[in-house]
Amino acid sequence: MFDGIQKRVICIWFPRLATDRVLRAHPVDGPFALTLRQDNSERLYCLNRHAEQAGLHCGMSLADARAFCPDMVCRPARPDLDARFLATLRRWAMRWCPWVGHDGTDGLVLDISGSAHLWGGEGALLARMRAQLHTAGLDVRLGLGNTRGAAWARAHYGTQAEQPLDSLPVAALRLDNATCTALQRLGLRTIGEVSDTARAPLARRFGPVLLQRLDQALGHMPEPVTPEAAPPHYGVRLTLPDPIGLVGDVMAATGRLLDALCAKLHAQGVGARALVLTLRRVDQGSQQVELRLAAAMRDPARILPLFERGVGSVQAGFGIDQLRLEATQTEPLAAQQSAIGTTAQRPDRLADLVTRIGTRIGLENVQRFLPADSHIPERSFLIAPAAYSAPATGWRSAPPRPLHLFAPEPIAATGPTPPTRFRWRRMHLHTARAIGPERIAPEWWFDDPNWRTGMRDYWCIHTRQGRRLWLFHTPQTPGWYVQGEFA
């Protein structure tokens, strides 16, 4: 049944969204453009008004643009930051109505049916929108209509927010360039001329897309506004009737918050990687305890003891009357079957240990070695934070490598065979046993200054003094060096 409310849609188009975002933080007087690499060449991605007045346009190569406008300022485009900025504008637009969705990569669409009277009518609503966006330094065009297609057409091709559709060009129907050119060759230049033409010939010549876009703009075919679902918020809060200050009481309250938060995490199939506990005091001051986890977790029994160190350093003052716990970083965590025994618990215990050490020295400082695909000794491994990497296999067992590698240190020796005696780090050493050689050639696809001496012949030297060293000889530029020491 008809409910008496006419559907009304507003389309907000930001023709210079990318440049406006950059110029808000770093203003530029004069022509300005953002460039993006396309087809192995730098091309103009978005321009400001001064650059368009200078005769430049999007898609022009950067070399041609420099020739037309030498004083133009250029910066690389960041489409990812533009998308994040548009998402921020979508949240801002939700103050006008709750039904807000994205319209491409540079626009928003709002269903204001039944909400315009809250702002003094549609005219006042459009004026306030335009004023606030201009104050924020954004170039904007607004369109209003009974359908989404009509609002889009007026925002992109109209001079007024409610300009009649019949006078707008056929490109306002959201058609591709080829279809628009073909319609213009037939003498159909406006939406009114297309709507007055017989539908059957248009369908045979251009297919169903043209008629579908026409019906959506005129309201004969529905086109809903679909807003994005709000991301799940992983935060819980606890307000206390009486202030607390003891560490045990705060930990008990944190445990209650963890139970509720982990239930939310389990329902969404994710685990927390970073948690923030905010403690509000009676004097309205607040302190935060941040916990970064080495692995995604949602087990309250494992997470609660990790808060003890941070909670113990909090100054409660006259007491804490409110606690808030939020998971600021989450990761997908699949459900795992519990097992009996210590073997299945080892990965969890390792993650807990890394977290405990990381709270003291930082998670980035707890590192592990990973194998690398290279036969060069110093490139055969990588060092990565243990919290953000998984243990890997593929280590080569033979030939053995020294536990301690360092930069090559020259020693006084001659000939291709290992010296019987030599001096290294102010120590006089005698060779008791020599194993080798192992010839390693440099990687020709890398220009490494340390390997410009050519190939190396490596020897494992057992000295009478008990040291086991890794020496190499360079046949192409004769010389002996010590590069490592075995355990």
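This is a predicted model: local features need pLDDT of at least 70, side-chain atom pairs count only at pLDDT 80 or more; totals for chains, interfaces and linings use all residues.
A salt bridge is here a side-chain nitrogen of Lys or Arg within 4 Å of a carboxyl oxygen of Asp or Glu. Arg174 is placed in the loop between helix H6 (148-157) and helix H7 (177-185), and Glu223 in the loop between helix H10 (208-218) and strand E8 (235-244), so the contact ties together parts that are 49 residues apart in sequence. Arg174 and Glu223 are both buried.

A search of the whole structure returns 20 salt bridges.

| Pair | Distance (N to O) |
|---|---|
| Arg16 and Glu52 | 2.7 Å |
| Asp139 and Arg16 | 2.1 Å |

Arg16 takes part in a salt bridge with Glu52 and in another with Asp139. The partner Asp139 lies in the loop between helix H5 (122-135) and strand E7 (141-145), while Arg16 belongs to the loop between E1 and H1; the pair therefore ties together parts that are 123 residues apart in sequence.

The other contact of Arg16, at 2.7 Å, is made with Glu52. Because Arg16 sits in the loop between strand E1 (9-13) and helix H1 (17-25) and Glu52 in helix H2 (residues 49-53), this pair ties together parts that are 36 residues apart in sequence.

The accessibility of these residues can be stated individually. Arg16 has a relative accessibility of 7% and is therefore classed as buried. Asp139, with a relative accessible area of 17%, is also buried, since the class covers values under 20%. Glu52, at 38% relative accessibility, counts as partly exposed. Arg16, Glu52 and Asp139 are joined with Arg49 in a network of salt bridges.

A further feature concerns the surface. Which residues make the nonpolar surface patch of about 340 Å²? The patch is made by Leu350, Leu353, Ile357 and Ile361. Of these, Leu350 lies in helix H14, which comprises residues 346-361. Leu350 has a relative accessible area of 44% and is partly exposed.

How values were computed
Residues are numbered from 1 along each chain as its sequence is written. Side-chain values use heavy atoms; hydrogens and water are left out. Patches are made of residues with over 30% relative accessible area and no salt bridge: like charges are joined within 9 Å, nonpolar side chains (Val, Leu, Ile, Met, Phe, Trp, Tyr) within 5 Å. Accessible areas come from the Shrake-Rupley method with a 1.4 Å probe; for residues, only the protein chains shown count as cover. Helices (H or I, at least four residues) and strands (E, at least two) are DSSP runs, numbered from the N terminus. Buried means under 20% relative accessible area, exposed over 50%, partly exposed in between (1.4 Å probe, protein chains only).
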